[in-house]
Amino acid sequence: MKINIYIKAEPFSINNAYYRSGRKKTECKDWEVRIHTQLRKYASLLDLVNKETKAESGLSLELLFYMPKSKLYTAKGAISRKSKDLSNIEKLLIDCIFKHMPDRDDAEIVQMVSGKTATEGHEHGVRIILETL
């Protein structure tokens, strides 16, 4: 089974998610609410993956983050630090996805591809492709 989801949201870095005390920041909680609201629209698809018999080989996950060209690149065409570190924006999103699949665990991801790509507009988004293997 393979599902394809698109969410409109700016990525949130795990580096900005927590206070030093370990408590999650309000901004991160608000971001999670926005993500969960959009994921609920795909509840029937996520439920199919959730209930499918767990394969010994696990899950494949593909994340493609869409960012405005002005955030992804500098004026000189180099990758901008404003675009956020790819590995830091994956984890919070993965945790949100798996909260909608309580019988699954992100430890079941055995294959993952992720990337960032520029958009001409000002909108952020992420394409999520999840497949049982």
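I began with Met67 and found it opposite Ala118 in strand E3. The model I am reading is predicted.

**Around that pair.** I looked up how E2 and E3 are joined. Ten bridges link the two strands, and they run parallel. Next I checked what packs there. Helix H4 lies on the sheet and touches E2, E3 and E4. The direction of H4 makes about 120 degrees with that of E2.

**The sheet.** I then traced the strand order. Four strands form an open sheet, in the order E1-E4-E2-E3. The pairing is mixed. Which strands stand at the edges? I found E1 and E3 (109-119) there. Each has a single partner strand, so one side of each is left without a neighbour in the sheet.

**The core.** I turned to the largest nonpolar core, which has 30 residues. Which members touch the most others? I noted Leu63, Leu93, Ile97 and Ile128. I listed the elements that each supply at least two residues: strands E1 (2-7), E2 (59-68) and E4 (125-132), and helices H1 (26-40), H2 (43-51) and H4 (86-99). H4 gives the most, with seven residues. In soluble globular proteins, nonpolar side chains tend to be buried together.

**One residue up close.** I picked Ile97 and looked up its contacts. Leaving out residues up to four places away in sequence, Ile97 touches Leu39, Leu46, Leu63 and Ile128. Two of these names, Leu63 and Ile128, I had already written down among the core members that touch the most others.

Conventions:
Residues are numbered from 1 along each chain as its sequence is written. This is a predicted model: local features need pLDDT of at least 70, side-chain atom pairs count only at pLDDT 80 or more; totals for chains, interfaces and linings use all residues. Side-chain values use heavy atoms; hydrogens and water are left out. A nonpolar core is a set of buried Ala, Val, Leu, Ile, Met, Phe, Trp, Tyr and Cys residues joined through side-chain atoms within 4.5 Å. Buried means under 20% relative accessible area, exposed over 50%, partly exposed in between (1.4 Å probe, protein chains only). Contact means heavy atoms within 4.5 Å. Two strands pair if DSSP finds at least two bridges between them. Axes are lines fitted to C-alpha atoms, for helices over the stretch in contact, and angles run from 0 to 180 degrees between N-to-C directions.
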